[in-house]
Protein chains: 4
Amino acid sequence: VGGVIRYVAVVGPGETASAEQCAIAADVGRLLAEAGCVVVTGGLGGVMAAAIRGCEAAGGTSVGLLPGDDRTAAPVAASIAVPTGLGELRNGLVVRAADAVIAIGGSWGTASEVALAMRTGRPTVAIDGWRFLDSGGIEVPVPQATDARDAVAAVLC
Amino acid sequence: VGGVIRYVAVVGPGETASAEQCAIAADVGRLLAEAGCVVVTGGLGGVMAAAIRGCEAAGGTSVGLLPGDDRTAAPVAASIAVPTGLGELRNGLVVRAADAVIAIGGSWGTASEVALAMRTGRPTVAIDGWRFLDSGGIEVPVPQATDARDAVAAVLC
Amino acid sequence: VGGVIRYVAVVGPGETASAEQCAIAADVGRLLAEAGCVVVTGGLGGVMAAAIRGCEAAGGTSVGLLPGDDRTAAPVAASIAVPTGLGELRNGLVVRAADAVIAIGGSWGTASEVALAMRTGRPTVAIDGWRFLDSGGIEVPVPQATDARDAVAAVLC
Amino acid sequence: VGGVIRYVAVVGPGETASAEQCAIAADVGRLLAEAGCVVVTGGLGGVMAAAIRGCEAAGGTSVGLLPGDDRTAAPVAASIAVPTGLGELRNGLVVRAADAVIAIGGSWGTASEVALAMRTGRPTVAIDGWRFLDSGGIEVPVPQATDARDAVAAVLC
């Protein structure tokens, strides 16, 4: 198993996700399932719920690492829902549980996950994501993809 | 105590901090100590160590929340050093332990802390920090300060 | 889903587990799978590995919440292996992830999990487990079962 | 600093602590302060609050690692109060933050802390504490002390 990307986190906004971002997330979830990957998410709505739905509809395995103590807070049923009770520290657990990270859309929570993924050297790719400029105005690059297929290919290759 | 800013996290790069960033961090640590605040950091080098040094030299109280299990990994002596063993999840604990956050310089670890601070609505100010653009290229603003005095004033007022 | 016991943690010693305890754990894993439950463990050897093996052999779903950062440290393949990087704090996460706890055999790690399960009011049952006496020598009771079938019935009913 | 015991956790029941246990905890807090140790607690009432009070009255330094997100939930003012937001997982953080552990009285939460302290090999001593019997009825010994002075001497020597 060592070295093979098998667990991929799909991170992105919850309530504030756009319909288009959710559609992309559903595609990413499906493609990851078809590739035999486990989809890891933060277990809530928006991009997270869409990725779980896409994965489950394709017969895949998904994991929701919820911030609260209540398993039933998950809006869609992941294969496995873990109420971590860690609050926003579960963002770090989502990243740590994954071999690679696909970010769809942006929010401060998503930015924390992308930053931790980059910090820990995980293969990371963003679709429609935030960009990061250092204090000199130079971009600190996060690999970008234009669609679900490209994003999945980028982290699996 | 409720509502008063008393614990302020000073976050920033470790090894990759510049001399100027460390000088600012030392000033911030000193000013926070003089204002009667507790300085919370991640306990390692660079900006973290400088903030602790500035705080301690001014007779203040500092806390280092270390990522590892070994208290002696702290390069400078905070008043209190806590080996959290949480790895990079301690970034979230640094933010949570603080009523406000001052970021000096930038790195992926620092970006994760700024993002969590913004996510959780804590007063946050950055000096010489990274900037964040949404997918449309519009800046998602983090309050900026130009020097230590401004930064401390911004989070304490 | 609310109120139904679906996720059951099986906790017990790793290296120091006896062959008999592992046989019981395998039976518990199988029975939980047959009852449609997800088996949650700490992901390492001994009782944990046996419960995963029993669950997986019966076509069930198992989760290993590993203490370290390395997914490949799991001696047997759970359906889902999560490297939490939390060290022994993952004991608390194992309990929190579960609706009920079955302890098989005893060790200090196992005792910490039983204590947290009792502390948080989860249905808990022990087979061949440690007993707890208060300072007056009076037993603080943990429900006991004599075999795998009784234990599973105790937490599911 | 390596090897010297400087941070000592004082653990024990909150609401259910007896007046006598609180009196002992206050003595332990004072003696630790006089020995130059930092007193680490879970930050709530009962034994925790008494140890903090004893330590602070003697001019020492105390740390409260609170389970919730609200610093003001601490009933007495520790030198440093950290709202960890980890719930009962902060029990493990209290142990990890300490070089040695003194338990006063018993409860399930306290038992989890004693178990984690024994599991991780920290010097541990109990006053009026629970006892642990293995499945054969043989005691798994935790060092016991009869009063505050003995307990402090036991972990500092």
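A polar contact is a pair of N or O atoms within 3.5 Å; within protein, one atom must be able to donate a hydrogen and the other to accept it, and residues adjacent in sequence count only if both atoms are side-chain atoms. In this predicted model, eight residue pairs are in polar contact between chain B and chain A, both residues being at pLDDT 80 or more. Helix H3 (90–96), helix H4 (108–119) and strand E7 (131–133) of chain B each supply at least two residues of the side that touches chain A; helices (H or I, at least four residues) and strands (E, at least two) are DSSP runs, numbered from the N terminus. H4(B) gives the largest share of that side, eight residues.

The contact (heavy atoms within 4.5 Å) takes 28 residues from chain A and 28 residues from chain B. The two chains bury about 2,600 Å² between them, 69% of it on carbon and sulfur atoms; buried area is the accessible area (1.4 Å probe) that two parts lose on being put together, summed over both. Of the area that chain B buries against chain A, 28% is supplied by Glu88(B), Leu89(B) and Trp108(B), more than by any other three residues.

Two salt bridges cross the interface, each a side-chain nitrogen of Lys or Arg within 4 Å of a carboxyl oxygen of Asp or Glu. Glu88(B) forms a salt bridge with Arg96(A), with the closest N and O atoms 3.3 Å apart.

Local features need pLDDT of at least 70, side-chain atom pairs count only at pLDDT 80 or more, and totals for chains, interfaces and linings use all residues. Residues are numbered from 1 along each chain as its sequence is written, chains are lettered from A in the order in which they are written, and side-chain values use heavy atoms, with hydrogens and water left out.
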